[in-house]
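Please examine the structure shown below. The explanation that follows is meant to be read alongside it.

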Amino acid sequence: MLDHGSVDDHGSNAVEQLRHRMRHSTAHVMADAVLRLFPEAKMAIGPPTQDGFYYDFEVSRPFTPEDLASIQRIMLETISETHPFLREEVTREEALSLFSNQPYKLEIIDSLSDTETLSIYKHGNFIDLCQGPHIENTQDITAFKLLNVAGAYWRGDEKRPMLQRIYGTAFESQSYLDDHLNKLEEAEKRDHRILGRQLDLFTIHEEIGPGLIVWHPKGGVIRTKLEDYWRDIHYKHGYKIVYSPHIGRSQLWETSGHLDFYQDSMYAPVEVDEQQYYLKPMNCPFHIMIYRSDLHSYRELPLRIAELGTVYRYERSGVLHGLMRVRGFTQDDAHIFCLPEQVESEVGDVLSLTFELLEAFGFNDYSISLSTRPEKYVGDLDMWEHATQSLGNALDTRDLEYDIDAGGGAFYGPKIDIKIRDALGRAWQCTTVQFDFNLPERFDLTFQNAEGGRSRPYMVHRAILGSLERFIGVLIEHYAGAFPLWLSPVQAVVIPIADRHIDYAEQIHSQLEQHGFRVEVDSRSERMNLKIRHAQLQKIPYMLIVGDKELEQGTTSVRLRSGTDMGSMLLADLTRHMDEDLTS
Ligand SMILES: [Zn+2]
Ligand SMILES: [Zn+2]
């Protein structure tokens, strides 16, 4: 049961832990400042995040940029006053009276179990209900900045009050903070929602529904090229590619357990011929039915069933975000059914395939984690042991570094998660390789063993890119919209300088098209510079300018989107250059 990847980073090293404590402490100092400026403000929660921190407040009006400046000024004063952060344990009654004026804190206290130890942290006159940990002293907050404000529902629930969330960040040095702020600025320029519109790749419409993507022709090219490549490489790795429907009967989801464990993420059923059908949140049961539609001998295993399978999952409207968090998405999904002795090599091959596939997009910096058996689990202990060992061995033989998330596996099997780092150094969860000891039992999957008896196969779920929507979102930001030639929706634009060059431009166009390139002619009666500018904004890799000289010599003047002027080239030289560019 592959989950849609999340992007939180549980930083485990010392620097990450220091940042975590410092950011959380900065959030306290910020809440202190907010309460001094807005004594009526109600505090909700203020955790550290992967890149900074936030705090949610209920206030009578949204915070303005001027408010942020004032809050920041008071924070600087507090920091210079060198208040220690002091921890104290309190009883439930003490906590209820300390926060009697803070309804969100009261709600949090009420939601905690009786056995939980309640603690507060103080600095100066400010007190927060808090588990910590914190840094020692406000003065240890070295460099921070408040970034922006956004509305956020209490508990992420649109039926609860809309709060005002202030985002900020803090670092152990001013230069790290400056780097981070530069990166944020760069990230804003690369926002896939803005580039998606500018490059005419996709849109999302209220009329269709939030979180549902329509791909425009240019986005369609990127997706087709990516899918073609995906299919090729999967066939090479011995996968069988299948297709399955978007809906399935309730009985299927009862057997799989989805209706028991996953219904909150599923859409209400539709009724057909008095039978209930559910939109699929996962592809697994369909691939299992393919496996089950035949008797399998041990000689036929492993069986690797792959699908670009579109699934639908409910996500709160408040968390939907462009292509990154959607309600309908296509997983590059596969399920491997294999013998115990094949487990390690199968995992190994998934890893090889993963790195081969991701490197095609220029990703080569990974962070990998191995999640092991949690306290509550299903399946046989020996199988867990064998599967976990195999995951570790497959990573070790490749000399890959990884963190172990002890007890972090799903109840049905251990897994490997792989995050990629993009051009801005941001981590994105993509790949998951997940064992499953649950579904083979539920669907009673077997194979005929060498002795003629029945045995249970091992089953592995895996997705490499994760979801195509999200992965293309990551690619848009990674490339800043300047896709490599093989993925570029339009690979070259021919720009006639004057109307009398249009015929020649059309000739070049059709010759390049016959060569297999995606080419357009910009025959608008605009100035050449404007057409070049337009092509640059569209991030078109090749601009081919044709005027009198080119017409006479049978050449084109070639400019790259990078600004490089390649001078005039014969068509044969140009296509050779472009062919090389395709594979580089
Ligand atoms: Zn706290
Ligand atoms: Zn699956």
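The paragraphs below treat a metal site and then a pocket.

The coordinates form a predicted model. In this model, the zinc ion (ligand 2) has three residues as its protein donors: Cys284 through SG, His335 through NE2 and His461 through ND1. These atoms lie 2.0 to 2.3 Å from the zinc ion. Along the chain, the donors of the zinc ion (ligand 2) are spaced as C-x50-H-x125-H.

Residues count as buried when their relative accessible area is under 20%. Cys284 is classed as buried because its relative accessible area is 2%. His461 is likewise buried, since its relative accessible area is 0%.

Attention now turns to the second largest pocket, which holds about 430 Å³ of space. Its lining comprises 22 residues, of which His24, Leu129, Cys130, Gln131 and Gly132 are the closest to the centre of the pocket. Four elements each supply at least two residues of this lining: helix H1 (14-37), helix H4 (103-111), strand E4 (118-123) and strand E5 (126-129). Helix H1 gives the most, with three residues. By residue class, the lining of the second largest pocket divides into 11 nonpolar, eight polar and three charged residues.

Key:
Residues numbered from 1 in each chain as written. Chains lettered and ligands numbered in written order. Predicted model: local features only at pLDDT ≥ 70, side-chain atom pairs only at ≥ 80, totals over all residues. Heavy atoms only, no water. Donors = N, O, S within 2.8 Å, 3.2 Å for Na, K, Ca; no water. Buried < 20%, exposed > 50% of the residue type's maximum accessible area, 1.4 Å probe, protein only. 1 Å grid on protein atoms, 1.4 Å probe; cavity = no way out; pocket = protein on both sides within 12 Å on 5 of 7 lines; lining within 4 Å. Points joined across faces, edges and corners; volume = space filled by probe spheres on them. Nonpolar A, V, L, I, M, F, W, Y, C, P; charged D, E, K, R; others polar.
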